[in-house]
Structures are given as C-alpha cells and as structure tokens.
Amino acid sequence: MFDTVCTLPLPADLFAQAIHPSEPVISVGLSTGHVQTFRLPSEEGEGEEDSDNDESASKTSAASSARSNGRGHIDTVWQTRRHKGSCRTLTFGVDGEVLYSAGTDGIVKAASAETGKVVNKIMIPATKKGLDDAPTVVHALSPQTLLLATDSSRLHLYDLRVPYSKVTARPEQTHRPHDDYISSLTPLPPSDTSTSGFSKQWVTTGGTTLAVTDLRRGVLVRSENQEEELISSTFIGGLSSGGTSRGEKVVVGGTNGVLTLWERGAWDDQDERIYVERGEGGVESLETLTVVPDELGKGKMIAVGLGSGRVKFVKMGPNKVVSELMHDETEGVIGLGFDVEGRMVSGGGQVVKVWHETAESIGSYGEFSGDKRMYGASDDSDDDDSDNENRKPQSDNSQRKRKKQKGKDRGKEREVMAFADLD
C-alpha cells in the first residue's frame, strides 16, 4: 500500500511529532529537549530553504539530494535545544504559523514555525502539592484556544488572545476529565450551525475512560470504566448512517490490541470492536491513530501505529485489517500522520520515515524509494530561550510506562527550575 521514500535518522529518541497543516513540513521533539523542523521535497520539486531564520536557531540543509535530478532535498529548516528536559509534545497552530512545544521543564513555548524564534512562553501550573506537572498533549483548538493536558490528568485552556508577557500566566480554565494522565485528545468537528468554523468540543482518553469536554460548559460526560488502558484516538466521519448511527465515530486504541468505535453523541459505552493485533505472540498496544485521507482513494480507513513498530491499516465498513508495514523492528510507532501531499509520516525510536502510495512510488518519487537520508551535522546552538545549554537533561518521570522510550530521558534526577532567568 505504501513504500518508503526516505528515512530520516534522528540523534536521540523521538518523543513527539507534528505535521504542518498546509506545507510539506514536519517537526520532531526529542528526549534531549531538542526540536527540529524539516521540509520534505514537494511534487513540483520545491522545498528550497527558508530565508533568514533566527540567528539563534541552527539551520542546515540535507547532506545530499534525495533524487538523482537534485530536486529532492530534505532540508533542516531549523533546530535548537528548546527545553531543558525532554520535549514531550508538539503541535502546529491552526494556520501553521506557530509551533507549540511543551517539555518536562514545565514550560510551553510558542515559536515561529518558519524561523524557530520563540514568541511566547507559558509555565505549566504545578499540582496542588506543589510538584511539577509534566505535559502529555498540547493542541491548538482554534486561533483563540490552546489546550494542554498533563500527567496529573488536568486539562488547561489558554486564551491565545491574551498576551502572556509573563511566564507565570495562569490558564483561563482547568478541568479534570480523568483520574489518570490524559493520553490523547481529539477535537470533534464543529456543528452545522457553527459560525466560527472551529471545534468547541473534544474527546480525551485517560486511564480506562473516555471523556467529552465543551469549551464553555466543561466536562460533559465520562464513560464507564473500559477495563483497559485507552491511549490513542481519532475522529472519522462520512461512514454509513442508518438507525441510531450518524456515520460519525471516534476510534480509540488501547493496550490490548483492540480498536473501539464510539458513536458521536452516544458516549456511555463503545458500540463496536475491531481486533487489530492478537495471536500467539500476544497483543501490542495501539499507540497512535490517524485517518487515511479520502484523496488517496482507499475508502474509509484508519492507520494504526503499534508498539511493535508496525503500522496496520484498518478498513472501516468491513472493519478489518487489510494491510500492514514495518516502521521499526525494535521500537514502537509514536507518531503517525499524513502531510499536505498525501505522504504518510511515521516516527518512533530514532527514525522518521516518509511513505508514498505504492502505485505512485515508481513515478516522481521512484528514483529514491527506500533510500536512507542522513542530514548533515550542525552547530546545534541554543536559541534565545535555551540558556545554560550544558545543563544535563532532566529525567522524565512520566506515568506512561507503556511507552518503551517515554520516561527514559538521558539525564539525572530532575533539578528544581528557577524561572527568573528566562527572557
């Protein structure tokens, strides 16, 4: 179904991956606290380096062309030590102009996606006991609202219209939809009567429950205990409707290798189950989910990244696994999505892979199918907000023990941070 068109090695374990909404650009967050942004080759052979990035963000280009005609470079747009602990989660803003990152140093940083220059910072509130609360998910719901989920199961809402000139700015709202850390967040499409065109409700998973939260009314509903850990989710619409079904479902992945389908508006319990991974070798957790774009002509389909390092494709309607591929034989898949040109991007371990639809791999990308791309060494200097580069990364005391690499930052015990020295 898909062939590898390039493989991008990383210098440290991948903790987070984000794909630009409108350009062939991907960003990665690493266990060392570094954030790197890459531009993939476009169909038209575009992908030139951006001009005049921030001096503090180290900018390099790929070592050689990914295609024999010299038009297929993967460019490192910028890279920097963004956090003094691991970079736990990344997301682009709705328009793609801002990249939000959150790390175990307790700070959310908003940076220009083009240059890497930090334009805003927010300190993650400590728990009631005064302990640091590491982030698990950050998501830009709209141009006005940023959602931040944490290990303590808190869900903070920030109004992006408020200028956060101080790192101690407080969230506008805080909810606690689960009793355990929030493992995934999926926005629900806006209603037909929406005037803004942006989502105002979202689904989260945490521990063994699913919850729905509303921007104005807070937590609306929480499911019954599902007796398994729910760790990933996505929304798919346009399915067959009839009876009580609206053809809109939230698909949830768990640790037992089963996808559960939840009808939108009927949140008390799941209504379907799809066995993705089971057999003599045991089951593997379903770490990440994404919808295969309709434009690829595959029908309604979900791509599932597994803890075994495989990616499986599940056809909706027949509700069955129709294909699979291997991302990595030793490390699980923690990042999965499709870029603006329909290429699948998978990440896990110390590698990101870009995949093209098999039928087209002999065409414009056929010349370098399967090639491994090593990007050039760089100065890797700090940006303006990453002072004291020589500090060792803090330990990531994540509750996510299911992750093979989560919680294994390459550093010693966490140090107590002082925020006075931040600009």
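This report covers the confidence, cysteines and salt bridges of a predicted model.

## Confidence

The mean pLDDT of the chain is 80, and 75% of the residues score at least 70. Residues 386–395 have a pLDDT below 50, and in the model this stretch makes 39 contacts beyond near neighbours in sequence. Over residues 397–423 the pLDDT is also under 50. For residues 397–423 the model has 83 contacts beyond four places in sequence.

## Cysteines

The count of disulfides is zero. Cys6 has a relative accessibility of 3% and therefore counts as buried. Cys87 is buried as well, with a relative accessible area of 0%.

## Salt bridges around Glu277

The model contains 18 salt bridges. One of them pairs Arg310 with Glu277, with the closest N and O atoms 2.7 Å apart. Arg310 belongs to strand S25 (residues 310–315), whereas Glu277 sits in the loop between strand S22 (272–275) and strand S23 (286–291), so this pair ties together parts 33 residues apart in sequence. Arg310 and Glu277 are both buried.

Glu277 also forms a salt bridge with Lys312, at 2.9 Å from N to O. Because Lys312 lies in strand S25 and Glu277 in the loop between S22 and S23, the pair links parts that are 35 residues apart in sequence. Lys312 is buried, as is Glu277.

## Other salt bridges

Arg246 is exposed, with a relative accessible area of 51%.

Key
Residues numbered from 1 in each chain as written. Predicted model: local features only at pLDDT ≥ 70, side-chain atom pairs only at ≥ 80, totals over all residues. Heavy atoms only, no water. Disulfide = S-S within 2.5 Å. Buried < 20%, exposed > 50% of the residue type's maximum accessible area, 1.4 Å probe, protein only. pLDDT = per-residue confidence, 0-100. Contact = heavy atoms within 4.5 Å. Salt bridge = Lys/Arg side-chain N within 4 Å of Asp/Glu carboxyl O. Helix = DSSP H or I, 4+ residues; strand = E, 2+ residues; numbered from the N terminus.
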